[in-house]
Amino acid sequence: MNVHEYQAKNLMRKFGIRVLNGEMATTVDDAVAGAKKLGGKIWVVKAQIHAGGRGKAGGVKLAKSLDEVKDHATEILGKTLVTHQTGPAGKEVQRLLIEEGCEIDHEYYVGLVLDRNNSKVTFMVSTEGGVEIETVAAETPEKIIKVAVDSATGFSPFIGRKLGFALGFKGDQLKAATKFFKGLYELYMQCDCTVAEINPLVLTKQGEVIALDAKLNFDDNALFRHTEIEELRDPSEESAKELEATEHGLSYISLDGNIGCLVNGAGLAMGTMDIIKLHGGEPANFLDVGGGATKETVEEAFSIILSDHKVKAILVNIFGGIMKCDIIAEGVVAAAKSIGIKVPLIVRLEGTNVALGKKILEDSGLEITTAEDLADAAAKAVAAAAASKA
């Protein structure tokens, strides 16, 4: 789950992380009132969407007067920002963060993630802040310093100093940076984050170490422990189909291809997408119906898949264990009859009650293509999608 920058910064304050004062606004009048409340002579008007690259897309503006705050707020609110993370459709700006300005001496990058290669939470820092870290990693990887934290010992002042020295901090700045890194680590661990990214972290001309931006992602599977964080969810920033799938106990992620996938089990779903690509096709989604799906759940899954107009064929790949093949077959037949599936439907069943499941499909009188194995299913789905597209 993602949150907006202003929400991330509110959480960071609770962990003693230095951020600038700011006010959230949903109207132009709120933006001007927020600037007045903050005081000062310089403000930054920031679009609040769940995507990076806002500045390049015109979503971050410096204002040197209240009139400029009003003009920028008028321009940005309601605007659709298209960045490298939003996709071509972009995201409409419904919220702003009005933040006090500061005098920047240098910009840095700080990230905190789980490194799955060593199974440790790992800091990534760089003196090249304020730019896309992917570009730095590709062109000058030596400028990214990684420091792993051993879960048995946790964060220590030594790690903070090591990171601070890597960024060139000394004296009071080093102490401030160490406090910053400690707070960020504690936030990451206590709130079950999957990503904590500050780009940029800045050193001001007054010598302060401040998070100028903030991106926090949280583990959906741990949100039951953090109701206060789940309450920060902004449904308008999430896919309507993904929200609908969640309500029905389905795991769904929309992709850019044209072959819809209905699979039971996340690992099998990943394997299904891989073999579709191996045969020259492109999956339209990741959809895991799970082990306890019912006939009604399967119908809902088909409905969600077919709401994507890019879908030219559907591949159902089921390995019957907890989820029995006959239940899936009944759901497939019910969905085909009630929804009216107009695209080619390829079904591969294996496992518990497979013979019964296949008989249900055969006796349905519907145009359903069966497959012997996953490779056969993928090949048939790719061919059907290509023929349908043509």
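A: A residue counts as buried at under 20% relative accessible area and as exposed at over 50%. The model examined here is a predicted one.

Q: Which residues does the face of H2 turned away from its buried side carry?
A: That face of H2 carries Asp29, Lys36 and Lys37, which are exposed.

Q: Which residues of H2 are buried, and why are they said to line one face of the helix?
A: Ala31, Val32, Gly34, Ala35 and Leu38 of H2 are buried. Viewed down the axis of H2, these buried residues fall within an arc of 160°, so they line one face of the helix.

Q: What covers the buried residues of H2?
A: The cover includes strand S1 (22–25), strand S2 (43–47), H3 and strand S6 (96–100).

Q: What makes the contact of H2 with H3?
A: Helix H2 (residues 28–38) packs against helix H3 (residues 66–76) at an angle of about 145°, their axes being 9 Å apart. Val28, Ala31, Val32, Ala35 and Lys36 of H2 make the contact with Leu66, Val69, Lys70, Ala73 and Thr74 of H3. Of these residues, seven are nonpolar, one is polar and two are charged.

Q: Why are H11 and H12 called roughly parallel?
A: The axes of helix H11 (residues 325–340) and helix H12 (residues 354–362) cross at roughly 15° and come within 7 Å. Angles under 35 degrees count as roughly parallel; H11 and H12 are therefore roughly parallel to each other.

Q: Which residues of H11 meet H12?
A: Cys325, Asp326, Ala329, Glu330, Val332 and Val333 of H11 meet Val354, Leu356, Gly357, Ile360 and Leu361 of H12. This contact divides into eight nonpolar, one polar and two charged residues.

Conventions: Residues numbered from 1 in each chain as written. Predicted model: local features only at pLDDT ≥ 70, side-chain atom pairs only at ≥ 80, totals over all residues. Heavy atoms only, no water. Axes fitted to C-alpha atoms, helices over the stretch in contact; angles between N-to-C directions. Helix = DSSP H or I, 4+ residues; strand = E, 2+ residues; numbered from the N terminus. Contact = heavy atoms within 4.5 Å. Nonpolar A, V, L, I, M, F, W, Y, C, P; charged D, E, K, R; others polar. Buried < 20%, exposed > 50% of the residue type's maximum accessible area, 1.4 Å probe, protein only. Arc of directions from axis to C-beta. Parallel < 35°, antiparallel > 145°, perpendicular 65-115°, else oblique.
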